[in-house]
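I opened a new notebook page for this structure.

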2 protein chains.
Amino acid sequence: MHTLGFEHHDHHRCKREALDAAEAHCARHRLNLTPQRRRVLEILLEGHRAMGAYEILDTLRDEGLGAQPPVAYRALDFLVTNGFAHKIERLNAFIACTHPDATHTPAFLICRICDAVAETHAEPARGMLGAAAEAAGFEIEQAVVEAVGRCPRCRDGAAPCR
Amino acid sequence: MHTLGFEHHDHHRCKREALDAAEAHCARHRLNLTPQRRRVLEILLEGHRAMGAYEILDTLRDEGLGAQPPVAYRALDFLVTNGFAHKIERLNAFIACTHPDATHTPAFLICRICDAVAETHAEPARGMLGAAAEAAGFEIEQAVVEAVGRCPRCRDGAAPCR
DNA sequence: CTTGATATGTTACATCATAACGATTATCAA
DNA sequence: TTGATAATCGTTATGATGTAACATATCAAG
């Protein structure tokens, strides 16, 4: 599994691919990727980082696509529910999914210096956590896994990523 | 490692032990466990569940120990920094540590029905997540691991825990 | 005593999120 | 086509969570 986020890459292409994947998925599953929802996904893909709901809303407002918080939260709820975006609990923010095709258990690497976020994959439920849950009689349905630390750039003492 | 949280146990004793451990730790490390901080820890131990900062503040206010949000947040910050309590990101709430002595990487099992929380232990940084981080050049300093699912009682179709 | 570090009290505000309700649009069976 | 139903959107209002900033108080060390 590829960990996308810190290294340089072709933003234009990864945006294009994610949008295509979302459209294909919605077509297959009869989901309604409305202009509003599609635009919010685009904004997340263009930002290519964790963004707050109000930051997204500011853009929507500038474009005449909605001015009130529920507009942004509804679109984000659709995107998260269908796996096109994820919520980063630690940051109270949202980020476009970079593994749109894979059925996955996302995990995130969050830089505490510059707030850059990389998505990766982990299945904690298979290891110690799964064993502990089983022993406690707990049924895991979903897992929030967010590692906090320093991204490569900030470790190198370079200027923060942004 | 014992997973504490869902099963019945002696609350009075576990509160006593956690307070003793906190006092001993503070004495050893010259930390100032002020009445306010101590009381917030007691409130968390008595609640024995994840509690919001404002819920804690309500109790402090009733007792004349502080009325404004920073009072609660400062005490919680002290407790979290020193490992006597943890923040549950998924719930924006705080819970007393149930493994006060062990140097640990806490992980939590959160019931989505009744919001009960059990603390357990996991070291995701040793498994897939650690490998992914290393490959990405990311240095993990801390990890948020929160499994969401159903606790034993709610699985059994019993009335929710609370 | 004075100085510096720590802790507390308070105001004001910033940020994140949702309930509720009405208007509109899409869907589809009759 | 039409009427019923569900999904989506627009808006108001409010709730919930969290912090910046500054004044005051306490206390240990020089």
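I am working with a predicted model, where local features need pLDDT of at least 70, side-chain atom pairs count only at pLDDT 80 or more, and totals for chains, interfaces and linings use all residues. Residues are numbered from 1 along each chain as written, chains are lettered from A and ligands numbered from 1 in written order, and side-chain values use heavy atoms, without hydrogens and water.

**DNA strand D.** I looked up which residues are near the strand (a heavy atom within 4 Å). I found 15 around DNA strand D, with Thr34(A), Gln36(A), Arg74(A), Tyr54(B) and Lys87(B) the closest.

I then checked distances. A polar side-chain atom of Gln36(A) sits 2.6 Å from a phosphate oxygen of DNA strand D. Arg74(B) has a side-chain N or O atom 3.3 Å from a base nitrogen of DNA strand D.

**Salt bridges.** I counted a Lys or Arg side-chain nitrogen within 4 Å of an Asp or Glu carboxyl oxygen. The total over all chains is 29. Glu63(A) and Arg39(A) form one, at 2.8 Å from N to O. I noted Arg39(A) as buried, at 16% relative accessibility, and Glu63(A) as partly exposed, at 37%. My cut-offs were under 20% for buried and over 50% for exposed, with partly exposed in between (1.4 Å probe, protein chains only).

Methods:
A polar contact is a pair of N or O atoms within 3.5 Å; within protein, one must be able to donate a hydrogen and the other to accept it, and residues adjacent in sequence count only if both atoms are side-chain atoms.
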